[in-house]
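Q: I am new to this structure and would like to learn how to read it. Could you take me through it, one feature at a time?

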Amino acid sequence: MIILIDGYNVLKMVFPKALVDERQRETFIGQLARYAQMTHNKLYVVFDGGDESRPLFLQRRDITIVYSGYRDSADTVIKGLLEEEQQKEVLLVSTDRELNRYAAHYDIPSMESLVFYGYVRDRLHAGEKAAQRPAQPQVHKFAETSTSYDLDARMEEGSQKVFYKHDDEGCGV
């Protein structure tokens, strides 16, 4: 699945009273990278801004980080990605109603930003808990059948008769 994430939209929902700083953005990107690795989904996280005039696509671990550049908005870049990926299994993560309507035009579902963020945090937390648990030994039980008794009887009978080769006699065995 391809997940297109309106980066600042999610972060502004998570931190509504604060300006989003670089540390918060990098922490979020790190969480998304771990989530992508766990789920094997292809993630694009799109942010407004950047030093370039055109969108800049950066590959980091298992996600693609996109900065829209100073000529375009993140919304414009996301719309372009929705058009490009419309034939695939895609999910848009944004609370922006205009983007949600645009995605719906292509039959692409949307998820609210806070719902997605909570889901990612829950998955990451569950993964950390599972990694901390010691591995449980696996016990395999085999059903005993009549053929195993037959085999045991034959093995016992065969061990009572030991045959020696003539070559063994000269070796002191």
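Q: How many bridges join E1 to E5?
A: Strands of a sheet pair through backbone hydrogen bonds, either parallel or antiparallel. In this predicted model, E1 and E5 run parallel and are joined by four bridges. For a place to look, find Ile5, which stands opposite Val93 in E5.

Q: What packs on the sheet, touching E1, E5 and E6?
A: That is helix H4, residues 97-105. The direction of H4 makes about 170° with that of E5.

Q: In what order do the six strands of the open sheet come?
A: The order is E3-E4-E2-E1-E5-E6, and the pairing is mixed. Strand E3 (56-60) and strand E6 (110-111) are at the edges; each has a single partner strand, so one side of each has no neighbour in the sheet.

Q: In which sense do E1 and E2 pair?
A: The sense is parallel, over five bridges. Ile5 has Val45 as its bridge partner in E2. E2 also runs parallel to E4, and five bridges join these two. There, Val46 stands opposite Val66 in E4.

Q: Is E2 mostly covered or mostly open?
A: Here "buried" refers to a residue with under 20% relative accessible area. By that cut-off, five of the six residues of E2 are buried, and the strand is mostly covered.

Q: Which residues touch the most other members of the largest nonpolar core?
A: They are Ile5, Phe28 and Phe47, in a core of 22 residues. Two or more residues each come from strand E1 (2-6), helix H1 (7-14), helix H2 (22-39), strand E2 (42-47), strand E4 (63-67), strand E5 (90-93) and helix H5 (113-132). H2 gives the most, with five residues. Apart from this core lies another, of 15 residues, including Ile2, Leu4, Val77 and Ile78.

Q: What is Phe47 in contact with, beyond its neighbours within four places in sequence?
A: Among its contacts are Tyr8, Leu11, Phe28, Ile29, Ile65, Val66 and Ala74.

Q: At roughly what angle do the axes of H1 and H2 cross?
A: They cross at roughly 110° and come within 11 Å. The two helices are therefore roughly perpendicular to each other. H1 brings Gly7, Tyr8, Val10 and Leu11 to the contact, while H2 brings Gln24, Arg25 and Phe28. Sorted by kind, the residues of this contact are four nonpolar, two polar and one charged.

Technical notes
Residues are numbered from 1 along each chain as its sequence is written. This is a predicted model: local features need pLDDT of at least 70, side-chain atom pairs count only at pLDDT 80 or more; totals for chains, interfaces and linings use all residues. Side-chain values use heavy atoms; hydrogens and water are left out. A nonpolar core is a set of buried Ala, Val, Leu, Ile, Met, Phe, Trp, Tyr and Cys residues joined through side-chain atoms within 4.5 Å. Buried means under 20% relative accessible area, exposed over 50%, partly exposed in between (1.4 Å probe, protein chains only). Contact means heavy atoms within 4.5 Å. Axes are lines fitted to C-alpha atoms, for helices over the stretch in contact, and angles run from 0 to 180 degrees between N-to-C directions. Angles under 35 degrees count as roughly parallel, over 145 as roughly antiparallel, 65 to 115 as roughly perpendicular and the rest as oblique. Ala, Val, Leu, Ile, Met, Phe, Trp, Tyr, Cys and Pro count as nonpolar, Asp, Glu, Lys and Arg as charged, and the others, Gly among them, as polar. Two strands pair if DSSP finds at least two bridges between them.
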